[in-house]
Amino acid sequence: MDDLDSLASLLESSCDFLNHEKDKELINDIRLVCSQLNNPYFKIAFLAPFNFGKSTLINALLGSYVLPSKVIRTTALSITVKYEKKVKAIVNLSSGATIKEDSLNILKEFATLDRRGNRKSDVESIEVSFPSILLKQNIELIDLPGTNDSESQNKLVKDIILGCDLIIQVLSANQAFTLDEQIKNQSWLIDRGIKEFIFVINKMNQVENELDRKEIFDDVVDNIESIDSIKRKYLKTLYRVDALPALKSAKAKDFSGLMKSGALRFKVDLCTLVHFFKKEKRYSKLTRFQSLARKVKSVLLKRKEEVMRMLKIEEEIREAEIQKFKQRESFFLNELQEKIKSCKSLLGKNSISSSYELELAKSLEEYNFDNWRNYSFKKKVLAYFDSLEDLINKACNEFNNNRLERIVLDFSTAPKVVYPSRQSRNAWEFLGDVFGNGSNKERLDKKYEKDKWESYKRSAREYLSQFSYNSLKSLEKYELRARVAVQYNIPPEPIAITSKKEKIKNLARFINRLDAIEHYAIRHESRLVNFGLFQKIEFLFVFLKNYFFIVCDSLI
């Protein structure tokens with residue numbers, strides 16, 4: 001595979017990036033051009049509106065009435081003429097069947113339009129074989145339908161010329177190079193990178209005045225001067241050929257008539273042109289590659305911009321969503337800090353003692369610790385933590401985080417109370433109470449009750465102090481897990497955004513690869529226009545050889 005085949009493969013691969021509905025025409029053009037890169041035939045298409053004499057001009061070049069031609073619209077579809085020793089016509093039907101005939105009579109039936117301007121719907125294409133010296137160089141002449149007939153025929157013409165190696169645009173002296181023809185030359189040829197074309201002005205013989213003929217010819221010259229075709233220094237861009245007189249002279253073997261009609265010189269130049277063009281045949285497709293690559297690049301750049309625009313919208317929506325959750329995260333963290341602070345304040349040694357020491361001491365005194373713990377103390381403490389856990393669970397739900405396990409607080413069994421020893425009365429105190437009012441016993445009983453109450457309080461204080469210490473430790477661990485739980489974890493990038501980023505990268509990478517076609521075409525442009533001394537000598541030799549053989553062929 002050489003560089004051109006690689007570029008063709010690159011161009012064909014661009015179809016994978018194009019929309020098969022919106023870019024249908026561009027995809028079709030790419031495949032047409034690439035498929036013709038290695039075609040062994042040199043294809044010459046004749047382009048003109050109907051009744052401009054395309055078929056007659058081809059007949060004049062072949063020296064015989066090969067193709068049907070009339071003064072009304074004739075050619076219904078493209079007819080390809082190639083070389084064979086025997087005359088033959090092949091009609092390819094849309095069903096896949098073929099009709100072959102060793103004469104040209106079949107063309108009148110299948111290749112022409114009916115009186116209503118319609119062609120046979122079941123005919124795909126027609127091939128004609130004819131023994132002409134012009135066709136011996138692997139040349140195919142393609143007679144195209146008229147370009148001012150129908151949209152379907154225009155599409156057929158545009159498809160065919162894209163795969164051809166040379167376009168001969170036939171002009172009529174009666175309406176030379178009209179605005180419509182100029183527009184078609186620009187949009188059908190130049191804008192599509194087809195720069196291998198020449199002009200033939202026909203029917204000059206129908207203009208009687210020599211001054212009028214000169215004025216028409218000069219006017220066409222002025223119009224085509226600025227056209228961006230491939231300029232070869234060794235060949236003209238415009239020829240005058242009177243096709244019908246040329247055909248009659250060819251049939252009559254009238255050499256002077258052939259010279260006067262311009263057909264002989266045009267035929268010699270055409271053979272010489274083909275000799276040089278065939279050497280450049282593959283490289284001449286570069287301008288079409290360029291044009292298609294630019295169109296693909298334009299489409300892909302627009303597509304890239306559209307994807308980037310959509311990506312920007314999606315990223316902005318995602319960023320707004322993230323910021324919303326970040327604000328919620330900040331809210332939850334602040335709330336968490338406040339609630340943790342409240343819980344720490346509640347569980348602080350001094351705070352919890354001042355709040356619950358007397359209650360606990362009383363419950364111990366009344367042997368009611370379990371009831372107090374379960375239905376008073378525990379309930380009040382857990383109420384603070386319920387509020388904290390509600391906050392954390394709410395954050396977990398919003399952020400799709402796993403919920404935390406509940407905080408574990410050690411509400412242990414009742415504390416052990418170390419009761420004080422009861423002080424006994426001595427003998428004197430006993431006798432005093434027997435003979436007195438019993439004040440000594442009452443005093444000792446009060447002291448014992450007081451000492452016992454202090455024991456309850458001391459046990460309560462120790463219990464609450466231990467509870468505070470254990471609970472604050474648990475709260476510290478819980479706080480660490482809680483801070484993680486209320487944090488918003490930015491989710492992975494959505495597939496829609498990731499795929500768009502990847503698509504933008506792929507588009508950018510492929511657009512850069514398309515530049516290779518542009519650079520290659522620029523490097524090889526000189527190859528198509530340079531004409532050194534050796535080429536001039538070769539040109540002269542080829543021209544004289546073609547002149548000799550064509551003159552001999554015309555006279556025999």
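Which residue in strand 6 does Lys-43 stand opposite? I looked this up first, and Lys-43 stands opposite Glu-140 in strand 6.

**Entry 1: ground rules**

I am working from a predicted model, in which local features need pLDDT of at least 70 and side-chain atom pairs count only at pLDDT 80 or more, while totals for chains, interfaces and linings use all residues. I number residues from 1 along each chain as its sequence is written, and side-chain values use heavy atoms, with hydrogens and water left out. I take helices (H or I, at least four residues) and strands (E, at least two) as DSSP runs, numbered from the N terminus.

**Entry 2: strand 6**

Five of its five residues are buried, so the strand is largely enclosed by the rest of the structure. I use buried for under 20% relative accessible area, exposed for over 50%, and partly exposed for in between, with a 1.4 Å probe and protein chains only. On one side of strand 6 I find Ile-139, Leu-141 and Asp-143, on the other Glu-140 and Ile-142, and all are buried.

I then went through the pairing, where two strands pair if DSSP finds at least two bridges between them. Strand 6 pairs with strand 1 in the parallel sense over five bridges. Strand 2 (residues 79-83) runs antiparallel to strand 6 and is joined to it by three bridges.

**Entry 3: strand 7**

Strand 7 (residues 166-172) is mostly covered, with seven of its seven residues buried. Leu-166, Ile-168, Val-170 and Ser-172 point one way, and Ile-167, Gln-169 and Leu-171 point the other way.

Four bridges join strand 7 to strand 1 (residues 42-47), and the two run parallel. I noted that Ile-44 has Leu-166 as its bridge partner in strand 7. Strand 7 also runs parallel to strand 8 (residues 197-202), through six bridges. There, the partner of Gln-169 in strand 8 is Phe-199.

I checked the handedness of the connection as well. Strand 7, helix 6 (residues 179-189) and strand 8 make a right-handed β-α-β unit. Right-handed here means that, with the strands pointing away from the viewer, the path from the first strand over the helix to the second runs clockwise.

**Entry 4: nonpolar cores**

I count as a nonpolar core a set of buried Ala, Val, Leu, Ile, Met, Phe, Trp, Tyr and Cys residues joined through side-chain atoms within 4.5 Å. The largest has 56 residues, and those with the most contacts inside it are Ile-30, Ile-161, Ile-167 and Phe-289. Apart from it lies another core, of 54 residues, among them Leu-57, Leu-62, Leu-247 and Leu-273.

I listed what Ile-161 touches, with contact meaning heavy atoms within 4.5 Å. Not counting residues up to four places away in sequence, its contacts include Ala-45, Leu-144, Ile-167, Trp-188 and Arg-288.

Nine of the nine residues of helix 3 are buried, so the helix is largely enclosed by the rest of the structure. Among them are Lys-54, Ser-55, Thr-56 and Asn-59. Just after helix 3, Gly-63 takes a positive phi of about 75°.

What does Ser-14 contact, leaving aside its neighbours within four places in sequence? I find Ile-30, Val-296 and Phe-510. Ser-14 is in the loop between helix 1 (3-13) and helix 2 (24-35), and counts as buried at 0% relative accessibility. A polar atom of its side chain lies 2.4 Å from the backbone oxygen of Leu-11.

**Entry 5: positive phi**

Most residues other than glycine have a negative phi. I looked up two exceptions. Asn-51 has a phi near 70°, sits in the loop between strand 1 and helix 3 (54-62), and is partly exposed at 36% relative accessible area. Lys-203 also has a phi near 70°; Lys-203 lies in the loop between strand 8 and helix 7 (210-225) and is buried at 14%.

**Entry 6: cysteines**

I searched the whole structure for disulfides, meaning pairs of cysteine sulfur atoms within 2.5 Å, and the search finds zero. For Cys-343, the nearest cysteine sulfur is that of Cys-396, 16 Å away. Cys-343 is buried, with a relative accessible area of 1%. For Cys-552, the nearest is that of Cys-271, 13 Å away. Cys-552 is partly exposed, at 27%.

Definitions and conventions: A polar contact is a pair of N or O atoms within 3.5 Å; within protein, one must be able to donate a hydrogen and the other to accept it, and residues adjacent in sequence count only if both atoms are side-chain atoms.
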